[in-house]
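Subject: Structure for you to look at

Hello,

Here is the structure I said I would pass on, with the sequence. My notes on it follow below.

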Amino acid sequence: MTIFLEKQARRRSSYVVGMLAAALTLSACAANPVSTPSTADAGVVVDKATCDRNTAAGPITYISGYGYSASAGQLDVFLAKEMGYFDALCLEVEINASGANGQQLVSSGQAEFTALGSASDVMLAAANSHNLTAVATYGSDSPFSIFANENITSLKDLEGKKLGYFINMTPIASAMLDAAGVDVSKVELIKMTNYDPTVVTRGQVDAIVGYASNQPEKLKSLGLPFNQFLPSDLDIQGTYNVMEVNSTFLKENREVAGDFMRASLKALQYCLDNDDECVDMISTLAADNNQGDAFPKDQQARTWGVESDWVRNSSAGMPGVQTAAEWEAEYELVKQFGNVSDLPALKSMMDTDLVADLYSDDALIWPSK
């Protein structure tokens, strides 16, 4: 897309027009307000110089990678806006919840922040998308799993069977099959367009590479029999959800980017302490913005129930803090199974200091006048 010189003109032309045509045909504007417990934090808490600096940066656009999902790197951004945390730091934040073309928009400078499902997703995209820097990783557990009908008792049983996947076979899933000794040439791989997990229990496919917090949790809620295989079962290490920022914006507005993350992480910590309340809020936002059917409250509760534990169990110990060491195992898997010829150096894709510097004594630093 054409990058206009003036940010406001850029936002209100190519960005809005493009996203209104996105697959979900949803509003690209910020979410409608909901009732929140944030009145004590609603006032500006930074000094005038900081407020002026953050205001001068202009609108900051965040692209949600998956609508109003109750996932870290998404839920916290929505609720930081709703609870007034961005306002408290004099940040003007616009949210696009259509979940389309996030990396392209951020890479081209038409948006500033977006989130991806894992470090391997970042690495795979880095071969084609530039001007992006990962600034936060929310967990040390891979979100992927392979869930199968009850007749598949080991991954080796997939030989001669049908394995579905969405978008692409993730390096993590390929590594799982390899570690289990599966001859992939004997597995029929099928690209899925139907997100209904019961296609597995009904035998339309034998197994699917999915998100452990989503389709398998739905099957559990329905009481349907199935088997699930996790990367950790095979000693495969991964990562959960990554926040990316436009590299040029980060270079020119580092402290502003830090304050965006500060507000988001404050909301994230609130949600780790108040699970039910945050599930209510994000579910209400989804319903008010025409995504209620895609993100019903019961599903949101199941998703956050799993993914909040991934955040709590992060090897970094503090939400969002990331290290190169945390990415190394996954980097090797992408080199082996990612089918990319020009993978950038690991450290060139990430900034390990921005979020770490927001903490002191394992607590997020929140300013007060």
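Strands E1 and E3 (residues 113–116) run parallel and are joined by two bridges. Tyrosine 62 is placed opposite phenylalanine 113 in E3. Strands here are DSSP E runs of at least two residues, helices are H or I runs of at least four, and both are numbered from the N terminus. Two strands count as paired if DSSP finds at least two bridges between them.

This is a predicted model, in which local features need pLDDT of at least 70 and side-chain atom pairs count only at pLDDT 80 or more, while totals for chains, interfaces and linings use all residues. Residues are numbered from 1 along each chain as its sequence is written, and side-chain values use heavy atoms, with hydrogens and water left out.

E1 also pairs with strand E2 (residues 93–96), in the parallel sense and over four bridges. Isoleucine 60 is opposite valine 93 in E2, and threonine 61 has glutamate 94 as its bridge partner in E2. Within E1 (residues 60–63), Ile60 and Tyr62 point one way, Thr61 and Ile63 point the other way, and all are buried. Buried means under 20% relative accessible area, exposed over 50%, and partly exposed in between, with a 1.4 Å probe and protein chains only.

These strands belong to an open sheet of five, in the order E2-E1-E3-E10-E4, with mixed pairing. E2 and E4 are the edge strands, each pairing on one side only. On average, neighbouring strands of the sheet are turned by 25 degrees against each other, direction ignored. Helix H3 (residues 75–82) lies across E1, E2, E4 and strand E10 (240–246), at about 135 degrees to E2. H11 lies across E1, E2, E3, E4 and E10, at about 20 degrees to E4. The axes are lines fitted to C-alpha atoms, for helices over the stretch in contact, and angles run from 0 to 180 degrees between N-to-C directions.

Next, the cores. A nonpolar core is a set of buried Ala, Val, Leu, Ile, Met, Phe, Trp, Tyr and Cys residues joined through side-chain atoms within 4.5 Å. The largest has 64 residues, of which Leu79, Phe113, Tyr138, Met243, Phe260 and Met261 touch the most other members. Helix H11 (residues 254–273) gives the largest share of this core, eleven residues. Apart from it lies another core of 22 residues, including Leu158, Val187, Leu333 and Phe337. Among the residues that methionine 261 touches, leaving out those up to four places away in sequence, are Phe113, Val135, Tyr138 and Leu358. Contact means heavy atoms within 4.5 Å.

Serine 107 lies in helix H5 (residues 102–107) and counts as buried because its relative accessibility is 17%. Its contacts, not counting residues up to four places away in sequence, are Ser129, His130, Asn131, Leu132 and Asn246. The side chain of serine 107 reaches the backbone oxygen of histidine 130 at 2.4 Å. Asparagine 128 lies in the loop between helix H6 (119–126) and strand E4 (132–139), and counts as exposed because its relative accessibility is 67%. Asparagine 128 and leucine 343 are 215 residues apart in sequence and 9.5 Å apart in space, C-alpha to C-alpha.

For the chain as a whole, there are 14 helices and twelve strands, and 56% of the 369 residues count as buried.

Regards

Notes: A polar contact is a pair of N or O atoms within 3.5 Å; within protein, one must be able to donate a hydrogen and the other to accept it, and residues adjacent in sequence count only if both atoms are side-chain atoms.
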